[in-house]
Amino acid sequence: MDVEEFRRRGKEMIDAIADYHSSIRDRSPFSDVNPGYLTDILPDSAPQQPEKWENVIKDVDRAIMPGLLHMLHPQNFSFFPRGFSFPSLLAELLSDGLAWTQYL
């Protein structure tokens, strides 16, 4: 991935995250798949060549999203996130993008 593709895909990812949060009320708060469901739908080995970004995102929607517990769903009362906000997501992106290492 070069810098121009990173720029384009980054904008797409921000849109995807915003869409997720805009539609979270339309999702079930809890997963409806059985433990180990990924074993049946993932290939036996990793691809030998890089996959297209579009296919990776389709795999997230197809394989990962059904197994998620949507922690920020308004009907999920088991978790109250602290520190989650859109500004904190942007700060995380900036911190990771600049490879900042925080030492306490």
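Trainee: Taking a salt bridge as a side-chain nitrogen of Lys or Arg within 4 Å of a carboxyl oxygen of Asp or Glu, how many does the structure hold?

Mentor: The structure holds 5. This is a predicted model, where local features need pLDDT of at least 70 and side-chain atom pairs count only at pLDDT 80 or more, while totals for chains, interfaces and linings use all residues. Residues are numbered from 1 along each chain as its sequence is written, and side-chain values use heavy atoms, with hydrogens and water left out.

Trainee: What is the mean pLDDT of the chain?

Mentor: The mean is 85, and 89% of the residues reach 70 or more; pLDDT is the predictor's confidence in each residue, from 0 to 100. Confidence is highest in α1, at a mean of 91, and lowest in α4, at 86. Helices here are DSSP runs of H or I with at least four residues, numbered from the N terminus.

Trainee: Back to salt bridges. Which residue does E5 meet in one?

Mentor: E5 pairs with R9, at 3.4 Å from N to O. The two are 4 residues apart in helix α1, so about one helical turn separates them.

Trainee: Is R9 buried or exposed?

Mentor: R9 counts as buried because its relative accessibility is 8%. The cut-offs are under 20% for buried, over 50% for exposed and partly exposed in between, with a 1.4 Å probe and protein chains only. E5 has 23% and is therefore partly exposed.

Trainee: Different topic. Which residues make the nonpolar surface patch?

Mentor: M13, I17, F30, L69, M71, L72, F84, F86 and L89 make a patch of about 700 Å². Helices α1 (3–22) and α4 (86–97) are the elements that give two or more residues to it. Patch residues have over 30% relative accessible area and no salt bridge; nonpolar side chains (Val, Leu, Ile, Met, Phe, Trp, Tyr) are joined within 5 Å, like charges within 9 Å. Areas come from the Shrake-Rupley method with a 1.4 Å probe, and for residues only the protein chains shown count as cover.

Trainee: Where is M13 found?

Mentor: M13 is in helix α1, and its 31% relative accessibility makes it partly exposed.
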